[in-house]
Amino acid sequence: MAANGVNGVHSSVVRPLTAGIYAPIPTFFLPESEDLDIPSFEAHVVRVASAGVGPLLAGSMGEAHHLSHGERIRLITAARKALDLAGFTQTPLIVGTGAGSTRETIELTNEAAAAGADYAIVIASGYFAGAIANNRKALKGFWTEVTAKSPIPVIIYNYPGASGGIDLDSDLITELAMECPNLCGVKLTCGNVGKLTRIAASVSGPEFSQLYPRAKDTAPFLVLGGFIDFLVPSAFANAHGAITGLGNVAPHAIAKLFTLAEAARKDPSILPEALRLQAIIARADFTIAKTSIAGTKFLLEKMYGYGGLPRKPLVGMEPSAAQALWDHPHTQDVVALEREISGKTKA
């Protein structure tokens, strides 16, 4: 009984994919051994979900490239167990399953589904980008085959910076959405607002779902930004939210921004407050994103007492740079906003 997928057995629980904010969860490691720090990981997944932000596991922020197949499975099972115990039984798990080849991507996707993933997010491997970046047939064939053989719906992950410069254009993404019913969205970490606008114009209306129904009606095609700094404009372009690393640091603030942006579409009087939060969050996103995984982990350590270091060869921040990040006005403003909205006055 395949509840969320189209092939094989997955789960009897249906967890719909909805518009909103999702956070790519870091993978935490123990000092010295670099083994998985499961307790910190579980605590963080629940912390993010408690703010109304959905977790995405084993993505770029989660150092998927540094994880074995077995470690990915441990993270999925740990996250599902922690969410269920905390009462978040309907919170879906999105899991990164992109790999070096189409074959391994399909293998990882099937393993993730069997472990409890509700949705997969797939990036094209950049190792042979020189051969496939401009090969439309190869790129289209990759996602077509992966989605056709996946037991769960799949999100396209368009991130040129992590795929050797491979950058899908809006025409190809829209074409894939039309032809692959098991596709349920795209994450645009290219940061191209025009591309987001064009795709949303094609897929967000009721006529698209009528002409090109999804394999599962609980998994509509979502257009998601890969940064949070253009959430308000994307809402007015009929996009569906964002998958943002800043959601780890300020989940309550970003969830509030999404709520305001959606409400402002119907009530223009709300727009000034939405833009106020957008400005604070956009500046923070710009400053913190430049410090990548190490910066996010440092901030989590500073605010919540866990974070640690990335897995080598990535390294942590130098102490002076870390302090400068914490002291930066953009960081302090978003921390203050997060504490205000979450009802906490102290980390």
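Which helix is Pro-206 found in? The first point below takes this up, and the other points go through strands, cysteines, the cavity and the pocket.

1. Pro-206 and its setting. The model is a predicted one. Pro-206 is found in helix H8, which covers residues 206-211. Its relative accessibility is 57%, and Pro-206 therefore counts as exposed, the cut-off for that class being over 50%. Between Pro-206 and Ile-173 there are 33 residues of sequence separation, and their C-alpha atoms are 18 Å apart in space.

2. Strands S3 and S4. Strand S3 takes in residues 94-96, and strand S4 takes in residues 119-122. S3 and S4 pair in the parallel sense, over three bridges.

3. From S4 to S5. Strand S5 spans residues 154-158. S4 and S5 pair in the parallel sense, with three bridges between them.

4. Strand S6 runs over residues 183-188. S5 and S6 pair in the parallel sense over five bridges, and the bridge partner of Tyr-157 in S6 is Lys-187. Together with helix H6, residues 170-179, the two strands S5 and S6 make a right-handed β-α-β unit.

5. Why is strand S6 described as largely enclosed by the rest of the structure? Because six of the six residues of S6 are buried. S6 also pairs in the parallel sense with strand S7, residues 222-225, over four bridges. In S7, Leu-222 is the bridge partner of Gly-185.

6. Cysteines. How many disulfides does the structure hold? The count is zero. The sulfur of Cys-184 has its closest cysteine sulfur in Cys-180, 12 Å away, which is too far for a bond. For Cys-190 the closest cysteine sulfur is that of Cys-184, at 17 Å, again too far for a bond. For comparison, the cut-off for a disulfide is a pair of sulfur atoms within 2.5 Å. Cys-184 has 0% relative accessibility and so counts as buried, whereas Cys-190, at 23%, counts as partly exposed.

7. The cavity. The count comes to one cavity of 30 Å³ or more, and the largest cavity has a volume of about 30 Å³. Its lining consists of Arg-72, Ile-73, Val-95, Gly-96, Thr-97, Leu-108, Glu-111 and Ala-112. Helix H2 (69-85), strand S3 (94-96) and helix H3 (102-115) each supply at least two residues of this lining. H3 gives the most, with three residues. By class, the lining of the largest cavity has four nonpolar, two polar and two charged residues.

8. The largest pocket holds about 1,100 Å³ of space. It is lined by 47 residues, and those nearest its centre are Ser-60, Met-61, Tyr-157, Tyr-159 and Ala-162. Elements giving two or more residues to the lining are H2, H3, helix H11 (271-289) and helix H12 (292-304). Which element gives the most to the lining of the largest pocket? H12 does, with four residues. The lining of the largest pocket divides by class into 23 nonpolar, 19 polar and five charged residues.

9. Residues with a part in two points. Tyr-157 is among the residues nearest the centre of the largest pocket, and Tyr-157 has Lys-187 of S6 as its bridge partner.

10. Asp-327. Helix H13, residues 319-327, contains Asp-327. Asp-327 is partly exposed, with a relative accessible area of 47%. Asp-327 and Leu-222 lie 105 residues apart in sequence, and the distance between them in space is 36 Å, C-alpha to C-alpha. Leu-222 is the S7 residue bridged to Gly-185.

Key: Residues are numbered from 1 along each chain as its sequence is written. This is a predicted model: local features need pLDDT of at least 70, side-chain atom pairs count only at pLDDT 80 or more; totals for chains, interfaces and linings use all residues. Side-chain values use heavy atoms; hydrogens and water are left out. On a 1 Å grid over the protein atoms alone, a cavity is a set of points where a 1.4 Å probe fits but cannot get out, and a pocket is an open set with protein on both sides within 12 Å along at least five of seven lines; lining residues have an atom within 4 Å of a point. Grid points are joined across faces, edges and corners, and a volume is the space filled by probe spheres set on the points. Ala, Val, Leu, Ile, Met, Phe, Trp, Tyr, Cys and Pro count as nonpolar, Asp, Glu, Lys and Arg as charged, and the others, Gly among them, as polar. Buried means under 20% relative accessible area, exposed over 50%, partly exposed in between (1.4 Å probe, protein chains only). Two strands pair if DSSP finds at least two bridges between them. A crossover is right-handed if, with the strands pointing away from the viewer, the path from the first strand over the helix to the second runs clockwise.
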